[in-house]
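Please look over the sequence and the 3D structure shown here before reading on.

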Amino acid sequence: MRGFGTGAAHARRDGSRMRGVVMGGSRRVTLNDVAAASGVSRATVSFVLNDDPNQTISAATRERVKGAARDLGYVPHGIARALREGSSRIVVLNIDWGLEGNYSRSYVRGLDDELAAHDHVLLVRHGHSAPQSTQQVLDTIAPRAVLRFAEAHLSGHEPDEEDWKSGFAAHAALQITYVADRGHTRIAMAVPGDDSPLTALRRRFARATTDRLGLPPLTPFVVPRPRDAGTAAVRAFLAAHGDVTAIAAFDDDIALRALAALQDLGLRVPLDVAVIGYDDTEYGALVTPALTTVHIDAEAHGRVAARVALGLDTGGITRAPGHVIERRSA
């Protein structure tokens with residue numbers, strides 16, 4: 001279990017600020033300390049720091065209280081605040097195994113930054129967790145919201161116009177269109193060996209794209225681990241589908257397995273078979289030939305998710321379209 005919190009990270013780096021949190025090395029700074037330093041009552045400090053809209057407090061007093069809190073390094077007590085507000089200012093994000101990559105990292109970055117801007121902290125949990133373990137975490141921290149990465153697609157969400165414009169459907173179509181534009185008409189799709197809803201959705205998007213382009217449907221096949229098994233799978237697939245000239249992979253990990261298998265079989269990439277990945281992980285640039293792939297910046301998607309979780313307006317956030325990183329494999 002790993003947490004990402006911009007504010008917490010800044011506090012850890014600022015040594016003087018952390019020293020102020022524990023006065024004299026023995027106790028936490030309290031509202032009473034801030035009140036004494038700013039020359040107002042404890043209640044006034046509470047109203048200011050909680051930004052109570054029902055209190056009429058002058059701008060000068062508010063600035064004096066906030067300045068004293070900053071100087072002393074006052075940190076609100078999370079449990080007490082959670083009791084007041086009904087939940088903590090923590091948002092939990094669960095990411096399933098196999099979904100880590102550039103997309104998820106940029107999504108987490110945007111989610112974390114936007115939550116921090118609204119005085120909330122992000123806690124990220126990776127991989128499968130037993131329901132009991134998950135409930136223990138939720139009972140302990142009383143989060144403001146719990147998110148699941150790619151929840152809409154994992155639960156069978158039907159793509160809408162936005163998906164085809166700058167979302168999952170558009171990015172999947174971008175991959176197929178790229179190799180089709182380079183003359184490939186017989187394209188295979190290397191997929192994971194599981195029955196993830198995301199795999200089925202990608203195949204649907206690919207079918208919609210080939211239909212639009214007037215191409216035959218992509219033929220799916222699995223490139224398993226370890227390397228010998230992957231090579232055997234690619235050999236068997238190409239023996240049965242000798243007209244295939246390009247492989248579009250579900251992600252960069254599977255694309256790299258396909259590259260290794262093709263090289264083991266003595267085939268030239270991209271002259272004999274082109275390969276294109278998806279999600280632009282760092283390893284694609286380190287192999288020979290370097291992997292052509294689809295890059296997706298999901299920071300804006302994370303920012304939107306943060307605002308939705310906090311019940312805020314999502315206007316003004318522009319989603320950057322995905323684009324192909326052109327290297328040598330395709």
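## The model and the chain

This is a predicted model, in which local features need pLDDT of at least 70 and side-chain atom pairs count only at pLDDT 80 or more, while totals for chains, interfaces and linings use all residues. Residues are numbered from 1 along each chain as its sequence is written, and side-chain values use heavy atoms, with hydrogens and water left out.

The protein chain holds 15 helices and 12 strands, where helices (H or I, at least four residues) and strands (E, at least two) are DSSP runs numbered from the N terminus. Of its 330 residues, 45% are buried, a word that means under 20% relative accessible area, with exposed meaning over 50% and partly exposed in between (1.4 Å probe, protein chains only). Among contacts with a separation of 6 or more, 73% join residues 24 or more positions apart, a contact being heavy atoms within 4.5 Å.

## Aromatic rings

Rings of Phe, Tyr and Trp (its six-membered ring) pair if their centres lie within 6.5 Å, and planes under 30 degrees apart count as stacked, over 60 as edge-to-face and the rest as tilted. This rule gives 6 aromatic pairs. In one of them, the ring centres of phenylalanine 168 and phenylalanine 205 are 5.4 Å apart and the planes stand at 85°, so the pair is edge-to-face. Phenylalanine 168 belongs to helix H11 (residues 168-181) and phenylalanine 205 to helix H12 (residues 197-213), so that the pair links distant parts of the chain, 37 residues apart. Phenylalanine 168 is buried at a relative accessible area of 14%, and phenylalanine 205 is buried at 2%.

The rings of phenylalanine 221 and phenylalanine 237 have centres 4.0 Å apart and planes at 10°, so this pair is stacked. It ties together strand S8 (residues 219-222), which holds phenylalanine 221, and helix H13 (residues 227-240), which holds phenylalanine 237. Both phenylalanine 221 and phenylalanine 237 are buried.

## A pocket

The second largest pocket has a volume of about 1,300 Å³. It is lined by 50 residues, and Leu99, Tyr103, Phe149, Ala150 and Leu198 lie nearest its centre. On a 1 Å grid over the protein atoms alone, a pocket is an open set of points where a 1.4 Å probe fits, with protein on both sides within 12 Å along at least five of seven lines, and lining residues have an atom within 4 Å of a point. Grid points are joined across faces, edges and corners, and the volume is the space filled by probe spheres set on them.

Two of the residues nearest the centre, Tyr103 and Phe149, form one aromatic cluster together with Tyr107.

## Serine 329

Serine 329 is found in the segment after strand S12 (323-325), and it counts as buried because its relative accessibility is 0%. Its side chain reaches the backbone oxygen of valine 275 at 2.6 Å and the backbone nitrogen of threonine 292 at 2.8 Å.

## Backbone features

Most residues other than glycine have a negative phi, and most peptide bonds are trans. The peptide bond from arginine 225 to proline 226, however, is cis, with omega near -5°, and proline 226 lies in the loop between S8 and H13. Alanine 150 has a positive phi of about 65° although it is not a glycine, and lies in the loop between S6 and H9.

Technical notes. A polar contact is a pair of N or O atoms within 3.5 Å; within protein, one must be able to donate a hydrogen and the other to accept it, and residues adjacent in sequence count only if both atoms are side-chain atoms.
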